[in-house]
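Please look through the model with this note beside you. The points are meant to be read in order.

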Amino acid sequence: MTLMAWSEQFACGIDAIDAQHRALVDMINAAAPHLVSGGPQARQQVGPMLDQLTQYAATHFKYEENLMQQRQVAPAYFEQHQRTHGSFVDEVLMMRKQYEQGAEPSGTDLLHFLTSWLTFHILSEDKRLARQVLAIQAGASPEQAYGGLDTAEGAPQTAYTAALIDLFGLLTARNRTLSEANAEVRRAKLELEAANALLEQRVTTRTHELAATNATLEKERQALMESLSRLEETQGQLLQSEKMAAIGQLAAGVAHEINNPIGFVNSNLVSLTAYVGQLFQLIDSYEASHPALPPEQKTRIDAVRKQIEIDYLRQDIPDLLKESKDGLARVTRIVSDLRDFSRADAAQWGPADLNAVLDAALNVVVSALKKKPQCVKHLSPLPPITCNAAQLSQVFMNLVLNAAQAMDDRGTITLRSGLRAQAVWIEIEDSGCGMS
């Protein structure tokens, strides 16, 4: 039973920390079948599991805190990260105390706590820790590394949180203004009852005050609507990011599952090619002895040769094996491109040929292009350039798909590349309806 599958998205870039995280994931998966079974079996597993977690926390947290002290990360972040460690330790100690007092522990609750905390801690705090440590190693100051956490990568989440804080602040201010306005109205009523002579003047005064209050409330309402609009936009960005991450994981899983049968089919084809060659050698040996055979045997053999069309088989079998190998090679390229696509978010910068990157993108979307456009390539030889090849492949794939979707009938997508001065360029043109 695999409760929590390790994903490359969990990797933070520090080998020791990634190894410790992976060990905890393995520990959770090993105990999961027993913990979810309930009854005495679950109780027998909870105690040892809590002991393992205590030992893990002592080792893992000490390593991270020593690493932060060695790299001298910003004190504000060190204290924040240390608090997340403390909350985990407090929860484990509380569960351990309940266990020692004889309370019936819930294995399912323990698993929920572990998977939720681990996912949050890896994807949030430990990735933030790793980014700072790696930035300091690269020459940044602790303050620069800490300040650099607010990057474009975290912009949607930061905007989402800021929008919520803004929304709650506006609601609080609005309620406070309404309470103050009601108090003013009550006081005005008492003053009106106590001094009828000043009635008209006080009514006019209170009317102006209420008008000003209403104008303030209208401004706050408009600000609230703008904040809600920003919140909806940010939510859409977050949903799109989650969808792309899920597509990447699905592509990685499919590529992994296809690779295994490709491997043994390719191996079998190699062996089959060798066997066929050996069989033809054996047939050649028999045919060399054909003239010396008795007439009756020659007649039978000639009839069989004619029936199975041996000369045609000699030509067709190698062609069939070659076509099969070519087909497997194409599937292997597509699987490789799928795996590159699934690792786009974690891809590194390095030298790459943009023509090869464009071909990889076409391999991923080839099934979407079969019934619609024809792809025409005019690609010039290009020198390698430093780039994030996996993310560029996603850009090319999106442009080609958008071009295909813009065509009602079968059209043409033209792909061009070239070298101009010290720059390389890629051009994707379609015969669709276009846009303003």
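The points below go through the sheet, the salt bridges and a surface patch.

1. This is a predicted model, in which local features need pLDDT of at least 70 and side-chain atom pairs count only at pLDDT 80 or more, while totals for chains, interfaces and linings use all residues. Residues are numbered from 1 along each chain as its sequence is written, and side-chain values use heavy atoms, with hydrogens and water left out.

2. Three strands make up an open sheet with mixed pairing, in the order β2-β4-β5; two strands count as paired if DSSP finds at least two bridges between them, and strands (E, at least two residues) and helices (H or I, at least four) are DSSP runs numbered from the N terminus. The edge strands, each pairing on one side only, are β2 (374–378) and β5 (423–430).

3. Strand β4 (residues 412–420) runs antiparallel to β5 and is joined to β5 by eight bridges; among the residues concerned, I413 has D430 in β5 as its bridge partner. In the hairpin of these strands, which has two residues between them, A421 takes a positive phi near 55 degrees. Helix α11 (residues 389–405) lies across β4 and β5, at about 20 degrees to β5, where axes are lines fitted to C-alpha atoms, for helices over the stretch in contact (heavy atoms within 4.5 Å), and angles run from 0 to 180 degrees between N-to-C directions.

4. The structure holds seven salt bridges, each being a side-chain nitrogen of Lys or Arg within 4 Å of a carboxyl oxygen of Asp or Glu. One of them joins E427 to R416, with the closest N and O atoms 2.7 Å apart, and R416 also stands opposite E427 in β5. E427 is partly exposed at 35% relative accessibility, as is R416 at 25%, where buried means under 20%, exposed over 50%, and partly exposed in between (1.4 Å probe, protein chains only).

5. Another salt bridge is formed by the side chains of D359 and K377 (2.9 Å, N to O). Because D359 lies in helix α10 (residues 354–369) and K377 in strand β2, this pair ties together parts that are 18 residues apart in sequence.

6. On the surface, L279, L282 and Y286 form a nonpolar patch with about 340 Å² of accessible area together, and L279 lies in helix α7 (residues 199–288). Patches are made of residues with over 30% relative accessible area and no salt bridge, with like charges joined within 9 Å and nonpolar side chains (Val, Leu, Ile, Met, Phe, Trp, Tyr) within 5 Å; accessible areas come from the Shrake-Rupley method with a 1.4 Å probe, and for residues only the protein chains shown count as cover.
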